[in-house]
Amino acid sequence: MHANPFEVVKSVDFSDEEINEYWVDLAESRDQFTEIIKPLSPTPMILLGGKGSGKTHVVRHYSYNLQRIRNKADIYKGVLSEGFLGVYFCLGGLNEGRFKGKGLERYQWTEIFVYHLDLSLAQQTLETFDRFLNDASLKDKVNEVSLCQSIASLFSPPITTPNSINEFITYLESKRREIDNAVNNCAFTNKLNVEILTNRGALVLKIPEMLVKVIPEGKHLKLLYLFDEIENVNIDVQIYLQTLIRECRKTASSIKLSGRLYGLKTRETYCDGEKNVEGSEYETLTLDEKLRDYNGYDDFIVRLCLRRLHEQNPHIKDKDTLYKCFTTTDVPTGSYDFSAQEERLGNHEAWFLLGKDLQKERRHLSKLKRKLESVDVSPDTVSKIMHNLSFHEYPFVEKTSTFILYKQWSELGKSSGALGDFLLVASNKIAASAKMYLEKDYKESLHFKKLGHFRNDLIAQLRREHDRKPQYLGMNAFIAMSCGLPRNLLQILKHTYAAALFRGEKVFSPSDPISVDAQRAGVRQAAQWFFEDALIGHDATHHLRDAILRLAETFAEVRFSDKPAECSVISFSTDESRLSPACRETIKVARERSLLIKVVGGRKDKNSRNIHVHYQLNPMLSPHWELPLHRRGTLPLDAGLVNSIFDPEQSGKFNSQKMIRLKDMYAPFKNIKGAGHQQLELGL
Amino acid sequence: MIDYNLMYREELPLEGDWSYNVDIFISAFNSSDRVKRAYEEINAVRKYWWILPDYEFEKEEYPGGELFDCSSYSGNPEADVAVKFLAEHPEIINGDQSICIDITGFVKPYMMSFIALLVLRGIKKIDVIYSEPQHYSHKHNTKFSGENLIEVRQVAGYEGEAHTTYGATDALIIGTGYDHTLINAVAEEKKVAKKKIQIFGFPSLRADMYQENILRASKASDTVDREFTLDKPFNYLAPANDPFATASCLQEIFQKHSESSGWYLSPLATKSQALGFVLFYLNECRGKPVSIIYPFCKTHEKKTSEEVVRIWKYTLEFPNLTLSL
């Protein structure tokens with residue numbers, strides 16, 4: 001049975017060997033991750049990222065377990081050359097939830113948990129160090145008794161000094177166990193007797209100096225603390241971590257904190273209540289933002305896929321071969337090669353949707369005719385308009401003509417008496433433009449100008465009108481959907497692979513590409529997974545889900561309207577100052593869960609010239625609502641509508657607010673007499 | 001090694017006299033017929049209704065009889081409730097009184113912590129009643145808890161020693177139930193656990209419940225990283241109504257995966273399966289890096305099932321256990 005090369009999508013499920021095997025750097029020819037992670041920098045770093053951005057994979061790459069794999073030949077030289085000894089520490093494993101309630105005050109628990117954390121970290125550090133000494137055959141070069149004495153001096157009252165690093169590890173473990181027993185029993189006794197034997201942070205900050213001193217030629221080495229899953233500790237513990245950040249710069253340690261976008265809860269410290277300042281005490285790297293903005297993201301993620309495929313599909317060595325493994329269109333062309341002009345005119349889509357004889361009903365024309373008749377344009381005028389716009393041989397051009405007519409209709413401010421005449425004149429000009437679009441000066445035509453922006457939307461509309469699903473096929477689409485979160489792509493490929501196997505297809509065979517059906521099934525499952533996974537662990541799941549549903553519905557109704565206000569709408573802008581607190585909170589949570597992406601720089605409002613915030617829906621959700629994958633136009637939304645989308649208390653106003661916004665996009669448009677009382681035909 | 005299959009269970013009649021007498025009977029009130037019926041049928045010297053905060057009952061909905069009203073508790077109350085109850089009724093653990101708990105209406109953490117506390121206070125034998133439903137109210141779409149998850153954390157009394165901080169050799173065992181959102185929450189919380197093992201209830205309480213269970217669990221397959229197949233070593237079956245078979249199943253899993261250095265156990269299926277987790281933990285896991293974790297929600301549905309088809313009495317025994325606080 002085939003093993004799915006994309007089965008494992010989380011790096012926590014990888015062994016250390018697999019982390020190493022599947023490591024792919026940003027740039028092919030240089031150590032670019034090291035340039036951005038900066039393990040030797042004295043400035044601590046907080047590495048944040050959405051689920052699936054690759055944080056844990058990156059952070060584990062710098063742990064000692066991985067150093068020893070990549071420096072198998074000579075670990076001692078390798079560590080000296082890299083300049084650090086990585087100590088990876090997963091904060092989630094401490095099960096912080098035990099350290100609360102049970103009749104004790106919060107500050108008491110914080111003291112005990114921090115002590116427990118210090119002991120755990122010291123134990124982990126010594127275990128790592130001891131492993132290094134063994135691997136590098138340095139055990140007999142280190143005076144362990146003296147080292148242990150130095151470490152023991154950090155305890156007060158004094159302890160019986162262990163004689164070796166292993167003994168010290170055992171001692172620390174026993175102290176941790178004592179705390180665990182006391183904490184566990186406290187649930188039933190409401191009493192807790194724990195003696196704290198070290199000053200807060202002493203073990204963490206002072207042990208590194210003691211360790212690097214005993215390593216031959218190691219005095220410039222850094223001990224690199226890699227704290228992962230900071231979102232799993234509460235704000236009080238994070239104050240402690242911020243304090244460590246502030247204090248570690250003058251020590252032999254370097255600190256990287258890693259966690260989810262919502263993981264950072266405070267910048268406060270225990271240093272007289274001072275707050276750490278980004279750019280001064282630490283720097284921040286948001287990994288998925290970095291990946292989205294990275295010009296080489298596509299190449300990086302392709303190399304990631306090739307690495308996964310390497311063992312089972314060694315013949316897939318490059319991007320081109322990989323891309324050929326997927327059918328990229330559901331339009332069957334057979335052996336016919338469409339010319340560039342035929343492609344421009346949309347003949348391949350037209351034949352697919354309407355049959356090669358193009359005899360199927362032109363639903364875009366039927367709809368337009370109904371709408372003209374509904375505003376009392378005379379039958380004779382309707383007939384002439386329809387005649388002007390009809391272009392039997394080129395349905396896509398015809399569709400574009402109807403779009404242009406809607407656009408012109410919406411800009412009209414006259415009464416219905418003059419409407420028919422106006423539209424007739426407009427249809428004459430549109431007919432001329434359509435003819436020009438077929439000729440060699442097609443770039444001068446109105447059709448060319450409009451299609452430059454709205455082509456994808458019009459194709460999507462045409463597909464929907466003829467009951468065809470949208471594409472979302474092939475590696476380009478999958479990469480766009482991943483949107484800076486590599487796990488999204490891995491999920492799509494995992495489910496597509498499974499779907500293809502289920503259908504009895506060959507997988508990853510350029511001569512027999514994966515079918516449209518299998519890809520659609522894979523994309524559908526991955527999109528569903530993404531939405532549900534993003535909602536896990538949030539205590540107002542249904543509010544967040546409903547908000548995203550309302551937003552996506554709004555985008556869909558714009559895209560499939562008669563006259564979309566913007567092209568390829570998957571983002572909106574708004575005046576943040578006018579949003580309710582609950583609305584802002586929901587948007588914040590949606591961002592933290594990667595359901596929304598904040599577009600850096602905002603968007604300048606056309607009227608006020610103020611900068612409005614700009615958010616994009618994550619394209620992994622696009623397949624649910626047949627939305628585009630790439631952001632182009634931005635839909636300005638007023639605060640009333642945004643509040644009704646994101647503020648649960650105002651959601652009752654959503655339908656009416658949405659209708660107000662969409663009125664300008666559905667014929668007969670707002671300026672037409674009587675339009676305000678008409679039920680809008682939303683054309684879905 | 002303990003043979004849990006030697007422990008005693010019997011089926012109580014749906015109609016007629018149970019021929020069973022007990023000194024202390026404790027039940028958690030909810031709106032299910034199963035719960036009310038057992039309370040009425042049982043012959044006990046003293047009967048207690050626990051009013052749990054999760055059900056959010058109004059005072060006018062309270063039943064008659066001796067009430068232990070813990071509806072005002074909040075935070076992590078499962079241990080507080082147990083401690084308070086024994087503080088108010090010390091006679092329960094002093095002397096040689098027989099104790100019977102109907103777990104049917106209990107929200108699992110309360111049941112688990114209470115049993116742990118009884119055992120820690122020296123109780124060697126506890127009878128437990130569990131009534132099986134004809135079906136759940138909305139079949140595989142039945143919701144048991146509210147959508148407002150508070151947190152996933154250790155259950156008081158089952159917190160265990162510290163796990164290896166790396167977590168890379170930890171294993172997570174989920175007793176897979178109907179609610180895939182809770183399975184997702186638990187698997188996500190302990191995503192660091194390298195192995196994720198599921199125990200499915202088979203035979204299920206009713207024949208169609210097995211398929212319903214699989215349907216729901218499949219929605220969590222991406223988080224658990226495991227499609228459901230009957231291939232071991234990651235998917236196991238244990239009868240949904242047999243805590244002893246569940247405890248034996250856990251024993252088997254621990255033996256097969258003995259290289260794991262730490263364990264998280266999460267009973268999300270039936271209460272009788274959860275009882276199996278309790279039995280196994282108290283007998284074999286105290287003082288080790290093993291903990292029971294649970295997704296705590298703000299509220300719980302008052303009624304999730306219809307009718308009663310079977311009533312079981314299990315006898316939990318801890319004759320050789322010497323635990324203490």
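A pocket, as the word is used here, is an open set of grid points with protein on both sides within 12 Å along at least five of seven lines. In this predicted model, the largest pocket has a volume of about 1100 Å³, and residues of both chain A and chain B are among those closest to its centre. The two chains also meet in a contact that takes 54 residues from chain A and 43 residues from chain B.

**The largest pocket**
- The lining is made up of 36 residues, of which E231(A), N232(A), K265(A), I150(B) and E189(B) lie closest to the centre of the pocket.
- At least two lining residues are supplied by each of α25 (581-592) of chain A and β7 and α4 of chain B, and β7(B) gives the most, with six residues.
- Sorted by class, the lining holds 17 charged, eleven nonpolar and eight polar residues.

**The interface of chain A and chain B**
- About 3900 Å² of area is buried between the two chains, and carbon and sulfur atoms give 43% of that area.
- Six salt bridges are found across the interface, and one salt bridge joins the side chains of E188(B) and R260(A), at 2.8 Å from N to O.
- Eight residue pairs, both residues at pLDDT 80 or more, are in polar contact between chain B and chain A.

**The side of chain B that touches chain A**
- The elements that each supply at least two residues to this side are α2 (77-88), α3 (108-120), β7 (149-154), α4 (180-189) and α6 (221-224) of chain B, and the largest share, five residues, comes from α4(B).
- This side of chain B has 18 charged, 14 nonpolar and eleven polar residues.

Terms used. Residues numbered from 1 in each chain as written. Chains lettered and ligands numbered in written order. Predicted model: local features only at pLDDT ≥ 70, side-chain atom pairs only at ≥ 80, totals over all residues. Heavy atoms only, no water. Contact = heavy atoms within 4.5 Å. Buried area = accessible area lost by both parts, 1.4 Å probe. Salt bridge = Lys/Arg side-chain N within 4 Å of Asp/Glu carboxyl O. Polar contact = N/O pair within 3.5 Å; in protein donor to acceptor, adjacent residues only side chain to side chain. Helix = DSSP H or I, 4+ residues; strand = E, 2+ residues; numbered from the N terminus. Nonpolar A, V, L, I, M, F, W, Y, C, P; charged D, E, K, R; others polar. 1 Å grid on protein atoms, 1.4 Å probe; cavity = no way out; pocket = protein on both sides within 12 Å on 5 of 7 lines; lining within 4 Å. Points joined across faces, edges and corners; volume = space filled by probe spheres on them.
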